[in-house]
Amino acid sequence: MTDMFVSLGNWNWLIFGFILMALEVVAPGVFLFWLGLAALLVGLISFVTVISWQIQLVMFAVFAAAAVPVWRRLARPKPDASASPFLNKRTKALLGREFTLEKPIIDGSGTVRIGDTVWRVAGPDTPAGTRVKVVQVDGANLTVAAA
């Protein structure tokens, strides 16, 4: 094995890096890419300076081990709270919005149509067709007041 490292010289790392990256294309998983990148780095460094093959192997191991946290950091999805702030809290998005009563509020209970859904609302007695504003949300119960 040492003869291979000596005979190919610095090119072995570049060849090894390109082979690993080609294997990544065939079997994607974003793991071989980082190993290939580590091999390419060792190859490029070995062209600049004369390093023994033992040190090159250690450098490859260090670069490959360092690539794992880099990959995990880059691959981690960034939470974007602004994209959907009411995800799993959809009723909270109704707070402060105004709607028209579909059925009057009688004895503290009525309905309002929001999109294609009819919601039960609570509030003071109000005739149908009146604009109301959602002032409180508790689960699926909406409390409204005159807008």
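R73 lies in helix α4 (residues 53-75), where helices (H or I, at least four residues) and strands (E, at least two) are DSSP runs, numbered from the N terminus. The structure is a predicted model, in which local features need pLDDT of at least 70 and side-chain atom pairs count only at pLDDT 80 or more, while totals for chains, interfaces and linings use all residues. Residues are numbered from 1 along each chain as its sequence is written, and side-chain values use heavy atoms, with hydrogens and water left out.

**Overall make-up**

The protein has four helices and five strands. Read from the N terminus, the order of elements is α-α-α-α-β-β-β-β-β. Of the 147 residues in the protein, 27% are buried. Buried means under 20% relative accessible area, exposed means over 50%, and partly exposed is in between (1.4 Å probe, protein chains only).

**Surface patches**

R73 counts as exposed because its relative accessibility is 59%. Together with R72, R76 and K78, R73 makes up a patch of positive charge on the surface. Patches consist of residues with over 30% relative accessible area and no salt bridge; like charges are joined within 9 Å, and nonpolar side chains (Val, Leu, Ile, Met, Phe, Trp, Tyr) within 5 Å. A salt bridge is a side-chain nitrogen of Lys or Arg within 4 Å of a carboxyl oxygen of Asp or Glu. Lys and Arg count as positive and Asp and Glu as negative, with His and the chain ends not counted. The place of a charge is taken as NZ of Lys, CZ of Arg, CG of Asp or CD of Glu.

A nonpolar patch on the surface is formed by W11, I15, I19, L23, F47 and V48, which together have about 620 Å² of accessible area. Accessible areas come from the Shrake-Rupley method with a 1.4 Å probe, and for residues only the protein chains shown count as cover. Helices α2 (11-26) and α3 (32-48) each supply at least two residues of this patch, and α2 gives the most, with four residues. I15 lies in helix α2 and is classed as partly exposed because its relative accessibility is 42%.

Helix α3 also contains I45. I45 is partly exposed, with a relative accessible area of 30%. The C-alpha atoms of I45 and Q56 are 9.0 Å apart in space, and the two residues are eleven apart in sequence.

**Strand pairing**

Two strands pair if DSSP finds at least two bridges between them. The pairings are listed below.

| Strands | Sense | Bridges |
|---|---|---|
| β2 (residues 109-114) and β3 (residues 117-122) | antiparallel | six bridges |
| β3 and β5 (residues 141-146) | parallel | two bridges |
| β1 (residues 98-106) and β4 (residues 131-138) | antiparallel | three bridges |
| β4 and β5 | antiparallel | six bridges |

β2 and β3 form a hairpin with two residues between them, and G115 in the turn has a positive phi of about 70°. I114 has T117 in β3 as its bridge partner.

V132 stands opposite A146 in β5.
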